[in-house]
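Dear colleague,

I am passing the structure below on to you, together with some notes on what was found in it. Please read the notes with the structure open beside them.

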Amino acid sequence: MGRRLLVLDACLGAVVSLVVAVAITADVGGERGPDLGAYLFAAGLGLLMLVRRQHPVLALVATTVGLCGYYIADYPPIGLAVPVAAALYSAAEHGRPVLATAVAAFLLVASSFFRLREGEQLAYLLGYELPWSVAIMAGAVALGDGVRSRRIRNEQQRERERDLLEASRREAARRIEEERLGLARDLHDVLAHTTTIITLQADVAREALDDHDVAAARAALEVIRTAGGQATGELRSTLALLRRPAEETPRAPTGGLEHLGRLAAATTAGGLPAAVHVHGEPAPVPTVVGVTAYRIAQEALTNAVRHAAGATRVDVHVTYRPESVEISVRDDGRGTAGDGHGDGRGHGLTGMRERAELIGGTLTTRTSATGFEVSATLPLRGSPEPGRA
């Protein structure tokens with residue numbers, strides 16, 4: 001690209017030198033006729049075109065000084081437009097339009113003064129030559145400033161595009177991080193709930209076998225089989241999200257408010273009686289709200305089975321309100337210190353709180369003499385509708 005520009009400037013310089021040399025040869029005025037000095041001046045104007053890009057102000061000042069010296073030496077007139085137009089353009093293109101305009105005005109005034117003093121016809125000078133010179137010089141300045149403005153706009157546009165691209169990348173990274181955390185929460189909920197049930201029922205089956213109670217052992221193994229099958233289904237649904245192309249809308253994972261009874265039955269089978277109580281008029285809720293409520297209930301029931309020492313039952317209360325759905329899980333046991341059941345520091349409680357806050361809801365926990373309670377309020381309006389919670 002630099003070599004092409006150099007060749008272009010060399011051609012421009014040759015044209016300037018040629019045009020000025022032709023004007024000198026025409027010898028249409030001036031007391032001093034064409035000589036070597038005049039033609040050297042023409043060559044010098046052409047050479048200045050080679051430095052106009054790197055040093056536009058220097059090229060403009062040198063051209064101005066040279067023209068003044070040329071006319072002071074009383075050589076034949078060569079006009080102004082051609083010798084100075086390229087220098088004016090370059091100065092304006094490099095952010096000096098005011099300087100270029102001032103130099104052009106100075107040259108026009110000085111040239112007109114010298115030519116009138118030498119007897120040039122006022123009508124010819126002002127009516128024909130001066131307007132053409134003004135038009136060409138003004139056009140050169142305007143063109144240079146226009147090219148500069150367009151270059152700035154293009155650069156700003158490229159900068160905006162880079163900013164948008166960077167913002168898109170950050171947004172994509174944020175979404176990936178949210179998806180990763182969501183998958184981690186799903187896997188935690190499924191595995192924690194299922195392994196808790198399986199562990200408890202395995203102990204029941206072992207004790208039943210020790211007591212030669214085949215029926216009880218079979219019942220425990222059936223619960224294990226059912227819990228394992230449900231976990232397998234949910235894990236497949238979760239893993240299917242990872243296999244889907246990014247442009248496809250992933251399926252919502254299994255589980256909603258209508259499946260709370262299934263959770264209660266699994267918890268009851270795990271050894272802790274559980275029941276679901278519905279308050280208010282049940283109504284359809286956004287998918288993300290239903291899934292979030294399901295996951296919160298699942299984790300709260302798992303915590304009750306694991307940590308509620310001495311619990312005899314756990315109740316899930318679902319309350320439908322016009323603007324929200326409230327879900328609470330209450331047990332009548334006693335949490336142990338540091339187990340994440342009563343102190344609010346466990347990963348399970350953190351995950352439940354994150355789920356609720358992700359859709360604009362809130363989650364609170366409360367420990368009392370009668371047990372432990374997890375309560376969540378999930379708004380129905382303004383909830384996002386992603387393919388998964």
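Apart from its neighbours within four places in sequence, Thr365 is in contact with Leu349, Arg353, Phe372, Glu373 and Val374, where contact means heavy atoms within 4.5 Å. Thr365 belongs to strand S4, which covers residues 362-368; helices (H or I, at least four residues) and strands (E, at least two) are DSSP runs, numbered from the N terminus. With a relative accessible area of 28%, Thr365 is partly exposed, a term used between the limits for buried (under 20% relative accessible area) and exposed (over 50%), with a 1.4 Å probe and protein chains only. Ser375 is 10 residues away from Thr365 in sequence, and the two are 6.2 Å apart in space, C-alpha to C-alpha.

Before going further, please keep in mind that this is a predicted model, in which local features need pLDDT of at least 70 and side-chain atom pairs count only at pLDDT 80 or more, whereas totals for chains, interfaces and linings use all residues. Residues are numbered from 1 along each chain as its sequence is written, and side-chain values use heavy atoms, with hydrogens and water left out.

As for the chain as a whole, its secondary structure comes to 10 helices and 5 strands, and 41% of its 389 residues count as buried. Of the contacts between residues at least 6 apart in sequence, 72% join residues at least 24 apart. The protein chain exposes about 20900 Å², of which carbon and sulfur atoms supply 61%; accessible areas come from the Shrake-Rupley method with a 1.4 Å probe, and for residues only the protein chains shown count as cover.

Helix H8 (residues 260-269) has as its buried residues Leu260, Leu263, Ala264, Ala266 and Thr267. Seen down the axis of H8, these residues fall within an arc of 160 degrees, so they line one face of the helix; the arc is that of the directions from the helix axis to the C-beta atoms. After H8 comes Gly271, whose phi is positive, near 115 degrees.

Leu301, in helix H9 (residues 287-307), counts as buried at 1% relative accessibility. Not counting residues up to four places away in sequence, Leu301 touches Leu263, Ala264, Thr267, Val314, Val316 and Val329.

In helix H1 (residues 2-26) you will find Leu18, which is exposed, with a relative accessible area of 56%. The C-alpha atoms of Leu18 and Ala43, 25 residues apart along the chain, are 8.3 Å from each other.
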